[in-house]
Amino acid sequence: ILLENASSRRIWGREQSVDADTGGLFRARRPGSEKALSLIEWGLMRALRIGETSKNEAIEIERADGRFRTVLHSAAPLLGPEKEVVGAIAVNEDVTERRTLIAQLRETEGRFVALFEKNIDAMLLTKSDGTVLRANSEACKLLGYGEDELRTLPPNAFVAPEDMRLRVLMVDRFVNGHAKGELNLVRKDLTPLQVEVSTSSFHDRSGAACASVTLRDITDRKRA
């Protein structure tokens with residue numbers, strides 16, 4: 001090792017550079033594997049041996065303190081005047097926190113999907129204009145449409161046209177981030193339906209404005 005910057009030493013948890021021959025620089029494994037990565041499997045060594053360029057290979061390195069960090073390892077050969085390999089350069093990007101965050105997000109999404117699908121209330125995920133993105137089984141049952149059908153409907157197509165309370169709810173949600181109220185809906189078979197609505201706004205991963213909508217059938221209660 002001819003040159004190592006401070007960022008690399010921080011990733012490995014060392015105060016000073018070490019010679020690769022000591023083995024101190026190359027203790028690592030593939031994510032999800034307990035098998036140690038051999039020296040020749042590293043992108044840096046492949047660059048030195050056969051002139052191979054590698055990019056963003058996920059590796060779990062063992063730091064000097066025994067803890068593991070996940071890095072994206074990239075390497076490229078340095079060529080001499082006759083195109084011979086005279087050295088190599090490697091870049092390690094520490095993505096441990098990012099990987100942990102992604103795992104946490106996936107776990108959270110999994111819990112949300114389970115809650116959404118198994119909820120006893122009818123639930124919709126929509127764009128800000130009311131276009132349906134997702135619908136759980138209770139929403140499909142309540143409205144009489146399949147989920148794919150709901151996605152193809154114009155915004156708020158199942159709301160009774162004469163019910164002006166929809167606009168009030170949407171403005172309230174826009175201003176306050178959430179809203180509650182009642183609406184008259186029309187099922188696919190044209191049966192009228194009265195529901196209690198609870199809706200909240202949020203932004204998806206791309207930053208697009210969306211909304212969650214919970215519908216509770218109150219038709220019988222209103223008729224009583």
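In this predicted model, the buried residues of helix H6 pack against strand E7 (178-186), strand E8 (192-203) and strand E9 (209-217). These buried residues are Leu166, Leu169 and Arg173. They lie on the same side of H6, because the arc they cover around the axis is only 65°. Arg167, Val168, Phe174 and Val175, on the other side of H6, are exposed. The length of the helix was also checked. H6 has 12 residues (residues 165-176), which should span 16 Å at 1.5 Å a residue; the C-alpha atoms at its ends are 16 Å apart, so the two values agree. Just after H6 comes Gly177, with a positive phi of about 90°.

Salt bridges were examined next. Side chains of opposite charge can pair when their charged atoms come close. The whole structure contains 19 salt bridges. One of these joins Arg27 to Glu62, with 3.8 Å between the closest N and O atoms. The two residues are 35 residues apart and link distant parts of the chain: Arg27 is in the loop between helix H1 (6-12) and strand E1 (28-29), and Glu62 is in strand E2. Arg27 has a relative accessible area of 34% and is therefore partly exposed. Glu62, at 24% relative accessibility, also counts as partly exposed.

A salt bridge between Glu57 and Arg46 has its closest N and O atoms 2.4 Å apart. This pair too links distant parts of the chain, with Glu57 in strand E2 and Arg46 in helix H2 (residues 43-50), 11 residues apart. Both Glu57 and Arg46 are buried.

In the salt bridge between Arg151 and Asp148, the closest N and O atoms are 2.7 Å apart. Both residues belong to helix H5 (residues 147-152), where they are three residues apart, about one turn of the helix. An α-helix has 3.6 residues a turn, so residues three or four places apart point the same way. Arg151 is partly exposed, with a relative accessible area of 35%, whereas Asp148 is exposed, with a value of 57%.

A network of salt bridges links Arg29, Glu34 and Glu60. Glu60 lies in strand E2 (residues 54-62). Its relative accessible area is 10%, so Glu60 is buried. Leaving aside residues up to four places away in sequence, the residues that Glu60 touches include Arg27, Arg29, Pro31, Phe68 and Arg99.

Leu79 is in strand E3 (residues 68-79) and, at 49% relative accessibility, counts as partly exposed.

Conventions:
Residues are numbered from 1 along each chain as its sequence is written. This is a predicted model: local features need pLDDT of at least 70, side-chain atom pairs count only at pLDDT 80 or more; totals for chains, interfaces and linings use all residues. Side-chain values use heavy atoms; hydrogens and water are left out. Helices (H or I, at least four residues) and strands (E, at least two) are DSSP runs, numbered from the N terminus. The expected span of a helix is 1.5 Å times one less than its number of residues. Buried means under 20% relative accessible area, exposed over 50%, partly exposed in between (1.4 Å probe, protein chains only). The arc is that of the directions from the helix axis to the C-beta atoms. Contact means heavy atoms within 4.5 Å. A salt bridge is a side-chain nitrogen of Lys or Arg within 4 Å of a carboxyl oxygen of Asp or Glu.
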